Amino acid sequence: MGCTSSVYAIGKKKKKIIPEISVFFPVLRIPMQSDLQIILRGLLPKDLADRIASVRNHIVLVAEDTGGAAINELTRALEEYLPLLLGITKKEYGLQESLEFRWRELRDGRQEICMANSWFELLSVLHMMAMLTLMEANEKLIPKESSLSERLVSADCMRDAVDLLLKAAGYLSFCAHDVLLRLPTEIKNKLPSDMQGQVLEAISHQALAQGTELQLGLAVQSQNATLSVKRRLGCELLSYYAQAYGCLSNMKENSTALKKQLFFLKWKHLEAKAAAYYYHGLILDKGTEPSSHVSAVCCFLGAEELLAESKKACLTFCLAHPITRCPPPWGAMKHLHKKIPETASKKSQMYGYLLDQEKDLRILADLPEFQLSLKPDDYDLPELDPAWDFPPQTLKEHLNEAYNA
């Protein structure tokens, strides 16, 4: 849950490190060792069977040895494995339900899951690729040289992280709208909560939200970004988090992982709402009518209250199991943590007499709605590996392969 590499062995002791979270990712699952090589040698040409087993076992070893930290190597291996795996999903080869695939959570080694379905294996591979991409985005936003109290992230790192978030959202959206449809109901009912369609959708929306937050941070740094652009980004940010929370709000399962994710979404939703009201208030305050100033002050005071609630929600998220550490305010939120209280205090003093005179107008204005800008990257499965283009085996050849395996 954003903490796959939180425990390192030093001699015989384990030093616990509380991981820092900027981009939240729920669970990293890795494949477990299996006897695919032996099973497949009786069903496929020896070279193809050996390649499939070898690449999968390489993923297992790298993931276990590095605690999932070798993101680039694991991603390359998974991308190499996908074209090989696709052949097992094809009906014409008759292997869709012939092999058992085992996976487990990397964090504590528990929550093993085993399914005799090749589409489950494909879902698990794409899910792992999405989580690794979110992990890479998280690393981009946590520079190693940063202190605990100060966070400086370059514009290039923020842009790279946006690209990674859109890529992860693409994997997750493809899983939810394509791969899950290929699984029979009995298999889908056995999937862990983080691989259910609603949760995949939630993480995808969440990735888009965090990408929008980074865009807002870039806009805050830019002299060319208008107030209207910042308000739009704030409102879009709020919409993405609302969508993500909506996907999970009706989930019946109340697992530890799901609770942690809901706490994260509540925290970020409150921050986003504070940002949206702050920028909406700045635009209202440009009006000349007293009612505009009253509405603006209500927005600033509302934003201040939401920001205070978000700090409590952040603490709740961090203390929820497994314990995590959030970065100090940076980017857009660092700016807003300073500006919202300052503006709320200044404007409420400036227009206090209007608040007393226009009591009927002391209501929080409705936020404008905008068409959402960010979309998940389009994802398509790769082409089938050419090694699957082999002539059918005769019964004698098949028996010889099985006997010599």
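Modeller: Two strands pair if DSSP finds at least two bridges between them. Strands are DSSP runs of E, at least two residues long, and helices are runs of H or I, at least four; both are numbered from the N terminus. In S5, Cys114 is the bridge partner of Arg102.

Colleague: What kind of model is this, and how are its residues and atoms treated?

Modeller: It is a predicted model, where local features need pLDDT of at least 70 and side-chain atom pairs need 80 or more, while totals for chains, interfaces and linings use all residues. Residues are numbered from 1 along each chain as its sequence is written, and side-chain values use heavy atoms, without hydrogens or water.

Colleague: What makes S4 and S5 a pair?

Modeller: Three bridges join S4, residues 101-105, to S5. The rule asks for at least two. The two strands run antiparallel. Besides Arg102 with Cys114, Trp103 has Ile113 as its bridge partner in S5.

Colleague: How do you know that S3 pairs with S4?

Modeller: By the bridge count again: three of them join S3 to S4, in antiparallel directions. At Arg104 of S4, the residue opposite is Ile30.

Colleague: Which strands are called edge strands, and why?

Modeller: The sheet is open, with the order S3-S4-S5 and antiparallel pairing. S3 (29-31) and S5 (113-115) are the edges, as each pairs on one side only. From one strand to the next, the twist averages 25°.

Colleague: Why is S4 called largely enclosed?

Modeller: Four of its five residues are buried, so the rest of the structure largely encloses S4. Buried means under 20% relative accessible area, exposed over 50% and partly exposed in between (1.4 Å probe, protein chains only). By that cut-off, 52% of the 405 residues of the protein chain are buried. Helix H4 (residues 118-140) also lies across S3, S4 and S5, at about 30° to S4.

Colleague: Why are H10 and H11 called oblique?

Modeller: Axes are lines fitted to C-alpha atoms, for helices over the stretch in contact, and angles run from 0 to 180 degrees between N-to-C directions. Under 35 degrees is roughly parallel, over 145 roughly antiparallel, 65 to 115 roughly perpendicular, and the rest oblique. H10 (residues 290-319) and H11 (residues 331-350) cross at roughly 140°, and their axes come within 9 Å. They are therefore oblique to each other.

Colleague: What makes up the contact between them?

Modeller: Contact means heavy atoms within 4.5 Å. On H10 the residues include Phe300, Leu301 and Leu307, and on H11 they include Leu336, Ile340 and Ala344. In the loop between these helices lies Pro322. The peptide bond from His321 to Pro322 is cis, with omega near -10°.

Colleague: Why do H5 and H7 get another label?

Modeller: H5 (residues 155-179) and H7 (residues 197-221) cross at roughly 160°, with axes that come within 8 Å. That angle falls under the over-145 rule, and H5 and H7 are therefore roughly antiparallel. Their crossing is left-handed: the near helix is turned anticlockwise from the far one by less than a right angle, whereas clockwise would be right-handed.

Colleague: What makes a set of residues a nonpolar core, and which residues have the most contacts inside the largest one?

Modeller: A core joins buried Ala, Val, Leu, Ile, Met, Phe, Trp, Tyr and Cys residues through side-chain atoms within 4.5 Å. The largest has 126 residues, with the most contacts at Ile52, Leu123, Leu126, Met128 and Leu134. Another core, of five residues, lies apart from it and includes Val294 and Tyr351.

Colleague: How do you know whether Leu381 is buried, exposed or partly exposed?

Modeller: Its relative accessible area is 23%. That value lies between the 20% and 50% cut-offs, so Leu381 is partly exposed. Leu381 sits in the loop between H12 (352-357) and H13 (395-404). Beyond its neighbours within four places in sequence, Leu381 is in contact with Leu86, Leu122, Leu126 and Phe174. Its C-alpha atom is 8.1 Å from that of Pro83, 298 residues apart along the chain.
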